[in-house]
Structure formats: structure tokens, C-alpha cells
Amino acid sequence: MLRGLLLRWGLVVGLGVVGLGAHQGGGTSVDNAMDVQLPLKTFRDMKAEAKGCIECHAKKTPGIVADWRMSRHAHAGVSCIDCHGVTRDSPMLTRDGHEGSKMPISVLVSTNTCGKCHEKETTEFRHSGHVRGAVQVWSKASMRDLMELVEGRGHPDLKHAPEATGCIQCHGSIIKLDKNRRPTPETWPTYGIGTAFPDGSVGNCASCHSAHKFSLAEARKPAACASCHLGPDHPDIEIYDNSMHGHIFNAEGNSWNFDAAPGTWKVPDFRAPTCATCHMSGNSKSAVTHNVSRRLKWNLFLPLSKLRTGGYETASDAYKDGYKLTHGNPLAGNPKGPEAARAEMKAGCIDCHNSTHIDNFFLMADKNILLYNEYWKEAVKMKEELAKKHLLGKDMWADDFQNVMYHLWHHEGRRMRQGGIMGGPDYSHWHGVFEVQQDIRKLRKIYAKRLKTNQIED
């Protein structure tokens with residue numbers, strides 16, 4: 001049944017694309033958005049049980065059904081059961097029958113489910129750094145201690161609150177089911193991008209394409225990324241707003257065409273790129289991709305920026321053996337190397353800028369990254385010498401040297417690097433390198449005093 005529905009959906013999409021007014025260069029007319037306003041035949045070829053789900057939930061959770069009715073899934077006849085139906089022996093099973101139905105279902109929808117129809121997108125996503133979101137949290141004892149022992153005070157009942165309301169909502173959780181096969185409140189609900197599901201799959205499509213509409217236009221807008229990429233440690237949406245690209249989007253982005261068919265979204269559908277344009281959209285050197293790491297030359301989140309030479313790293317193995325990182329190089333990137341990644345990124349710029357403009361911008365952005373590395377190397381050298389002399393506090397969060405050093409890379413250093421590479425001057429400078437040079441001066445002062453007195457200050 002599902003295959004038949006998908007075949008019909010292919011026909012629907014094909015007819016829809018033919019009806020769009022195409023521009024040279026692959027763009028689509030801003031005057032011909034997808035026909036989302038047309039009435040949808042939501043029960044087309046659906047079995048009685050699928051209709052029953054929709055009719056019941058239309059009364060109990062009308063917002064969910066309203067979203068689904070406006071989705072492309074509904075237009076194709078893909079029902080609740082196609083995504084939530086499981087077998088009775090499935091590790092995803094959360095209800096064996098529901099409200100009079102005998103259908104075993106799961107409230108959880110994993111990337112394995114999405115991958116049945118969206119195989120290419122799922123595979124690309126699993127090659128990206130996004131899929132490692134939860135691994136980066138749960139594989140680190142220091143991070144778990146920060147959330148549960150430091151922030152959560154080690155409280156027997158309250159210690160999981162910081163991670164449940166904070167970290168996992170972006171990074172992802174390892175979803176666990178209780179004895180009644182219900183998701184535990186410490187691990188679900190979560191919109192975390194790297195969520196690990198009971199069926200062994202990793203990743204969460206709903207992080208960007210919110211359920212149950214799964215809008216293509218929504219995922220193309222900066223707001224889709226802004227819920228996680230913001231704040232003092234990686235203010236990417238603030239950097240975007242500070243950039244000329246963000247200025248243009250904020251001035252007129254509400255009039256752009258975000259509903260163009262996949263593979264065709266291009267100038268003149270928009271006048272300036274969004275996050276999705278640079279990291280995902282097709283260009284002359286790269287097809288549309290859900291691997292957001294493919295065009296990245298550097299890592300900009302670790303303490304020391306290194307070239308991304310990891311190629312198609314995946315997180316699946318890291319969730320085995322106690323959820324530990326198993327790869328020596330976790331920097332997902334382009335399988336052809338960091339320069340190929342940069343070439344693919346530049347290929348998106350050429351639609352609006354000349355080669356001199358592009359080359360000059362990236363040359364200076366790269367030098368800004370290398371400048372940051374010089375600051376970090378000096379800090380590491382001082383820390384190593386203090387460690388040899390036992391002049392570092394056991395509690396890093398109460399030790400001035402370690403605390404300042406952490407902020408140097410995790411906050412100010414990230415802002416310096418990310419602001420520079422994405423054209424946000426205030427974040428590259430005042431929130432970035434200016435603060436970094438202040439940090440290094442604080443570290444030098446603490447370092448000199450500890451060496452002179454041979455003790456850690458009170």
C-alpha cells in the first residue's frame with residue numbers, strides 16, 4: 001500500500017513541478033508557490049483503521065491533524081499508521097493497541113522510519129556532524145558531571161532537570177522506555193538533532209521539519225536553525241542577523257519563495273542565502289545534501305580548530321560500547337578533503353559575488369581562525385606547566401584559570417571564529433577576539449602569580 005502511495009506522490013510532485021514557472025539557472029517563479037492552499041483529499045485510498053486514527057485525533061489533538069492536513073504526506077495519502085505503526089516485537093513499541101484499535105504503535109518516529117521513503121536524505125544526514133549531537137554530550141564524563149552533579153547539585157530527584165530541559169533539546173537524548181513501555185520523562189520529549197531511538201537509529205528529522213507538517217519552507221528559513229544555534233557559545237543566528245545576508249533577509253525575506261521544489265531552489269527565489277542555502281542547497285559543485293558538514297573546511301567548535309579530514313563519519317558505532325566515541329577523528333567533512341569542502345561552499349557564493357570578493361573573504365576568515373589557534377596554544381602551554389606543578393584546582397568550575405580558559409574557547413573563541421567565517425563583524429570582533437585577548441591576559445596574570453607563590457589563590 002505504502003509503495004503505491006509513494007508512486008502516486010511521485011506523480012503528484014512531477015505534475016506540480018511541471019506547473020511551476022521555471023527560470024534559467026534552476027530557480028522557480030516567486031509567483032507560483034506550491035499549491036498548499038488547495039483542499040486536500042486526505043482519505044484517498046486509506047484503510048478504515050487509518051481513517052479512524054485521523055477522525056479520533058481530529059477531536060483529541062486537532063493541532064496535530066491540522067498540521068498533517070497541510071502536509072505533502074497528507075496529499076499523498078500517507079497516514080498516521082505509516083509512520084507510527086510498528087510490530088509487536090519492535091523495540092519502538094509504546095502501545096499495543098490504542099483507543100479501540102488493535103494496531104501496535106509507537107509515539108516515537110525514528111530516522112529508520114523516515115528512511116523507508118527518504119533514504120537519500122537519511123543517509124546524508126547520518127554522514128553529518130549533526131548526527132553526533134548526543135554523542136558529544138553523553139560520551140563525556142565532564143559534561144555529564146556538569147549537568148547532573150554541578151548544575152543539578154547531585155539531587156536524587158532533581159539532577160536530571162538541567163539536561164532534560166536544556167542540553168538534550170538540542171543535542172538529543174538516548175530515549176529509554178519504562179516498564180510500561182512509555183518514554184521516560186528524563187529522555188522524552190526531545191527535539192534534539194542527535195537523538196538515539198530504541199531501534200538503534202540516530203537522528204531526529206523533526207528537529208528541522210517540525211511534526212506533523214514537515215514543511216520544506218520552514219526548514220529553509222533561518223528560524224529552523226536558530227532554536228539551537230544561538231546564545232553565548234555559538235550565536236549563529238545572531239551572527240547571521242549581524243551579517244549583510246541577514247540584513248537583506250530581515251528586510252524582505254517574507255516575500256521570497258521558500259516552496260520551490262527540491263533541487264530547484266535558487267536565485268532568484270531569494271536575494272541572499274539562509275543557513276540552508278550555504279550548507280544544504282544544490283550548486284554547480286554539489287547536489288542538494290542533508291549532510292551539513294560536507295562543505296565545512298574547519299571545525300569551529302572544538303578548543304583548537306583543525307581541518308575537517310574525517311570524511312563521512314557516522315555516529316552509529318559511537319552508540320555501541322557504552323555510548324563512547326570510537327573514532328580517532330570525529331570531524332565529519334567532505335570525503336574529498338577540506339579544500340573540496342571549501343570549493344563546494346564557494347560554489348554557492350558565485351551566484352551573487354565575483355571570485356575576487358569570495359577569495360578575499362575566505363582568505364581573511366581563515367587567517368582569523370588561525371589567529372584564534374595562536375591564543376589557544378598559549379593557554380594550553382600555561383595550563384600544562386601549571387598541571388605539572390600541581391597548581392590547578394580539582395574543581396575546574398571553581399578554579400579561575402580553568403574557568404577563564406573554558407570561556408576562551410567555548411564562548412569567546414567560538415564567537416570569534418564563527419563570526420569571522422559567516423560575516424558577522426560584531427561577533428568576530430567585540431564579542432570575539434577582543435574578549436579572547438582579555439581572557440589570555442587574565443590567564444597570564446593567574447599563571448604568573450601561581451608560579452611565583454607556588455599555590456592556588458583563594
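**Figure 1. Aromatic pairs in the predicted model.** Ten aromatic pairs turn up in a search of the whole structure. Phe 249 and Trp 256 form an edge-to-face pair, with 5.7 Å centre to centre and 65° between the planes. Rings of Phe, Tyr and Trp (its six-membered ring) pair if their centres lie within 6.5 Å; planes under 30 degrees apart are stacked, over 60 edge-to-face, and the rest tilted. Both Phe 249 and Trp 256 are buried. Buried means under 20% relative accessible area, exposed over 50%, and partly exposed in between (1.4 Å probe, protein chains only). Ring pairs link Tyr 240, Phe 249, Trp 256, Phe 258, Trp 265 and Phe 270 into a cluster.

The model is predicted: local features need pLDDT of at least 70, side-chain atom pairs count only at pLDDT 80 or more, and totals for chains, interfaces and linings use all residues. Residues are numbered from 1 along each chain as its sequence is written, and side-chain values use heavy atoms, with hydrogens and water left out.

**Figure 2. Overall fold and confidence.** The protein has 19 helices and two strands. Helices (H or I, at least four residues) and strands (E, at least two) are DSSP runs, numbered from the N terminus. Of its 458 residues, 41% count as buried. The average pLDDT, the predictor's confidence in each residue from 0 to 100, is 88, and 87% of the residues score at least 70. Over residues 1-40 the pLDDT is below 50; this stretch has 57 contacts in the model beyond near neighbours in sequence. Residues 321-329 also have pLDDT below 50, with 19 contacts beyond near neighbours in sequence. Contact means heavy atoms within 4.5 Å. Where pLDDT is low, the predicted coordinates should not be read in detail.

Figure 3. Helix α17 covers residues 355-388. At 1.5 Å a residue, its 34 residues should span 50 Å, and the end C-alpha atoms are 50 Å apart, which agrees. The expected span is 1.5 Å times one less than the number of residues. At the start of α17, a side-chain oxygen of Asn 354 reaches to within 3.2 Å of the backbone nitrogen of Thr 356. His 390 follows α17 and has a positive phi, near 60°.

Figure 4. Glu 124 sits in helix α7 (residues 119-126). Its relative accessibility is 14%, so Glu 124 counts as buried. Leaving aside neighbours within four places in sequence, Glu 124 contacts Val 288, Thr 289, His 290 and Asn 291. Ser 428 belongs to helix α19 (residues 425-453). Ser 428 is buried, at a relative accessible area of 12%. Beyond residues up to four places away in sequence, Ser 428 touches Asn 368, Arg 415, Met 416, Gly 419, Gly 420 and Val 433. Arg 415 is 13 residues from Ser 428 along the chain, and their C-alpha atoms are separated by 6.0 Å.

**Figure 5. Cis peptide bonds in loops.** Trp 188 and Pro 189 are joined by a cis peptide bond, with omega about 10°. Pro 189 is in the loop between α10 (161-165) and α11 (216-220). A cis peptide bond also joins Val 267 and Pro 268, with omega about 15°. Pro 268 lies in the loop between α14 (244-252) and α15 (275-279).

Figure 6. Arg 153 is not a glycine, yet its phi is positive, about 60°. Arg 153 lies in the loop between α9 (141-151) and α10. Arg 153 is exposed, at a relative accessible area of 74%. Asn 454, also not a glycine, has a positive phi of about 60°. Asn 454 is in the segment after α19. Asn 454 is exposed, at 53% relative accessible area.

Technical notes. A polar contact is a pair of N or O atoms within 3.5 Å; within protein, one must be able to donate a hydrogen and the other to accept it, and residues adjacent in sequence count only if both atoms are side-chain atoms.
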